[in-house]
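Biologist: I would like to learn how to read a structure like this one. Please show it to me and take me through it.

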Amino acid sequence: MKRFYLIVSAVSLFFAVSCGGSDVPVYLDDSKPIEDRVEDALSRMTLEEKIAMLHAQSKFSSPGVPRLGIPEVWCSDGPHGIREEVLWDEWGGAGWTNDYCTAFPALTCLAASWDPSMSAIYGKAIGEEARYRNKTVLLGPGVNIYRTPLNGRNFEYMGEDPYLAGRMVVPYIRNVQEQGVATCLKHFALNNQEYHRHDVNVEVSDRALYEIYLPAFKAGVVEGGTWSVMGSYNLYGGEHCCHNKRLLVDILRGEWGFDGTVISDWGGVSDTRQALDNGLDLEFGTWTDGLARNSGGSDAYNNYYMANPLLELIRSEEGDAAKADIAKVDDKVRNILRMIFRTSMDRTRPYGSFATQEHADVSRRIAENGIVLLKNDNAVLPILPDSVSKILVVGENAARRMTIGGGSSSLKVKYEVLPVEGMRNVYGEDRIVFMKGYSSDSDEKVESLDELRAAAAECDAVVFFGGLNKRGHQDCEGGDRQEYGLPYGQDAVIEALVEANPRTAVVIISGNAVAMPWVDDVPAIVEGWYLGTEAGNALANVISGAVNPSGKLPFTYYAKLEDCGAHAFDEACYPGVASETDERKIYDERYSEDIFVGYRWVDLYNIEPTFPFGHGLSYTTFEYSNLQLDRTTMPVDGKLTVTVDIRNTGSVRGGEVVQLYVGDNESTVERPVRELKAFDKVFLDPGETATVRFELDRTALQYFDAAKHDWQVEPGVFTVYVGSSSRDLREKAEFTVEG
Ligand code: BGC
């Protein structure tokens with residue numbers, strides 16, 4: 001039937017156009033402004049058709065308006081690749097053979113590139129894949145702030161700093177949407193843990209909300225122009241974020257002017273009235289297996305909060321109450337139509353492409369840009385191919401597929417190069433000896449520590465691939481990590497290997513920091529993330545020196561969990577304390593560390609992290625000099641230009657992320673010692689110098705004044721710091737802000 005209507009509308013459009021265009025309905029006429037088309041389409045719809053648009057018809061689709069030829073909305077996870085097709089009403093795969101995708105690196109790796117041009121090529125490539133698969137909405141990217149290293153979903157987000165996440169998310173969004181596919185910026189907001197994710201009720205100061213948790217979302221909405229946003233599962237101020245008045249009505253639409261679609265997280269809706277009143281447009285996933293508390297049953301989709309219950313509610317009303325509620329429904333339909341006109345009804349959008357060599361190359365480039373060299377004593381790395389005849393590769397993660405697992409971001413890939421395969425590709429089969437070393441399966445027996453020691457002693461170098469693995473509680477949706485340390489006895493394996501062979505490098509595959517009790521003993525350490533399709537090649541290229549690492553940590557590597565602000569208080573700060581309401585158990589959680597998240601906390605208390613925010617080494621060295629400000633005083637609303645010279649003083653080409661932090665020397669309110677306000681990644685040949693230029697304005701100086709509900713700048717002396725990490729600050733200068 002749907003197909004019939006589509007054909008009828010297409011045919012009538014054809015005749016109307018060929019007869020002079022006068023009969024083309026406005027909503028089908030793409031020469032008309034989108035708002036006119038929205039109003040025209042809306043005016044033709046029945047209440048039933050409108051309400052049908054507001055909720056799912058299958059796991060990942062909603063119906064559009066078949067009678068008018070307005071297509072279905074098809075969503076797909078996100079955010080690292082296009083998820084396999086699933087059955088109509090099941091999470092299980094549909095068994096298609098044409099949906100083997102390219103896996104791109106996890107968003108932590110993208111953030112670690114500190115290179116917005118990487119976000120741009122990422123967005124374009126994944127957008128092309130989504131478009132080719134005919135998706136209307138890509139469910140991502142995610143920009144929830146890395147508040148604790150235990151959060152099971154940090155790997156899907158962009159780190160602990162709102163400025164970095166904001167800069168990195170914008171090109172991703174723009175480039176996806178240029179393919180005619182909407183991004184769905186998620187999970188809005190305060191979704192900073194998986195533990196009790198449906199029931200945690202966050203209490204946070206307005207200052208921390210505006211300074212830390214909202215800016216990356218705001219950048220995605222205001223600068224990126226995302227066409228949809230996903231409400232999160234948790235509660236804020238006692239109201240679920242999928243229908244939270246403050247977040248969706250006041251802030252998202254009111255303060256930021258968002259005109260796209262608010263989509264619920266799957267199973268995140270729990271109240272018809274709130275959903276109607278508080279800014280939700282499109283309900284997905286209610287009453288499905290596992291994601292919501294009510295079990296399925298027949299016609300589950302008709303029973304969605306925004307389906308028959310909403311229709312009945314409106315039908316039961318009269319007069320002004322009915323009018324007001326119908327107006328709310330109309331607004332929701334407008335938001336959805338607008339998204340459809342921008343995407344699937346944009347006849348000029350490109351066709352996309354899927355699982356191509358070009359996309360694999362993009363994926364590898366991003367991976368190579370994001371891998372972080374954490375430590376490299378005695379120049380253990382790179383292991384140049386002609387300097388070794390045997391390398392011992394150890395660790396389950398060297399041979400484990402990481403595109404699978406982790407929850408909704410799990411992918412069915414065309415291929416995935418494992419680390420051990422990448423090592424074989426680079427060094428040759430016969431020069432790689434592989435031992436598993438440890439196992440995530442407690443029943444599996446692996447080599448003893450003595451056997452590992454013996455093998456390590458016989459090889460020229462050892463590379464250990466460990467970390468987490470996207471199983472439950474190991475960087476996986478639906479649960480947090482239960483320990484900061486490495487699982488499966490990896491610490492003992494690492495100690496044994498380095499004891500037997502001092503030329504040992506450890507590669508951590510993870511989306512989170514981990515405890516490193518062996519950090520002083522191991523000379524070379526790499527953060528290798530989840531890298532997608534080309535993982536093994538990218539890692540081996542860095543290990544062998546074919547690629548010079550240039551990634552920087554997008555979060556703090558705490559020495560111990562208690563060094564993280566979220567873990568410096570009691571349970572009310574993490575993971576929340578249960579309180580019974582009439583309907584359900586809620587876990588109240590107060591963000592007591594307030595604005596002091598990540599480096600802002602360790603800097604405030606002078607805590608030594610294992611590796612600081614922004615840290616990352618190279619196979620070359622960089623010298624900073626000649627920091628200059630174009631003025632020593634700056635009016636509050638003026639501009640300040642900062643320049644600094646950076647020179648590659650080593651012997652190979654390399655990339656450096658020049659980071660600029662600003663601190664307010666004296667302030668009447670408590671402020672972070674310094675905060676990231678600008679950065680730039682430059683690639684230099686040996687001996688080459690570049691002058692990096694930054695322009696600062698009041699956004700680099702301000703704090704959020706909750707009482708005034710506005711940003712403030714206090715006149716006085718500020719310091720600008722420029723350096724290679726938040727703790728490796730090479731140059732600084734002061735300037736005075738005049739009121
Ligand atoms: C996740 C979302 C995801 C959705 C659809 C939810 O469980 O939280 O991030 O997009 O499922 O798979």
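Modeller: A polar side-chain atom of D77 sits 2.5 Å from one of the ligand's oxygen atoms. Such a polar contact is a pair of N or O atoms within 3.5 Å; within protein, one must be able to donate a hydrogen and the other to accept it, and residues adjacent in sequence count only if both atoms are side-chain atoms. This is a predicted model, where local features need pLDDT of at least 70, side-chain atom pairs count only at pLDDT 80 or more, and totals for chains, interfaces and linings use all residues. Residues are numbered from 1 along each chain as its sequence is written, and side-chain values use heavy atoms, leaving out hydrogens and water.

Biologist: How far from an oxygen atom of the ligand is the polar side-chain atom of R153?

Modeller: That distance is 2.7 Å. For R83, an N or O atom in the side chain is 3.1 Å from a ligand oxygen. The protein covers 99% of the 310 Å² of accessible area that the ligand has on its own. Accessible areas come from the Shrake-Rupley method with a 1.4 Å probe; for residues, only the protein chains shown count as cover.

Biologist: How many residues surround the ligand?

Modeller: There are 16, and the closest are D77, R153, H187, D265 and E477. A residue counts as near if one of its heavy atoms lies within 4 Å. This shell has seven nonpolar, two polar and seven charged residues.

Biologist: How do I read two packed helices?

Modeller: Two packed helices are described by the angle between their axes and the distance between the axes. Here, α14 (residues 419-427) and α17 (residues 535-544) pack at about 50°, with axes 7 Å apart. So α14 is oblique to α17. Angles under 35 degrees count as roughly parallel, over 145 as roughly antiparallel, 65 to 115 as roughly perpendicular and the rest as oblique.

Biologist: Which peptide bonds are worth a look?

Modeller: Take G140 to P141, a cis bond with omega near 5°. P141 belongs to the loop between β3 (137-139) and α6 (162-177). F188 and A189 are also joined by a cis peptide bond, with omega about 0°.

Biologist: Where does A189 lie?

Modeller: In the loop between β4 (182-188) and β5 (200-203). Helices (H or I, at least four residues) and strands (E, at least two) are DSSP runs, numbered from the N terminus. L190 is found in the loop between β4 and β5 too. L190 has a positive phi of about 60°, although it is not a glycine.

Conventions. Nonpolar A, V, L, I, M, F, W, Y, C, P; charged D, E, K, R; others polar. Axes fitted to C-alpha atoms, helices over the stretch in contact; angles between N-to-C directions.
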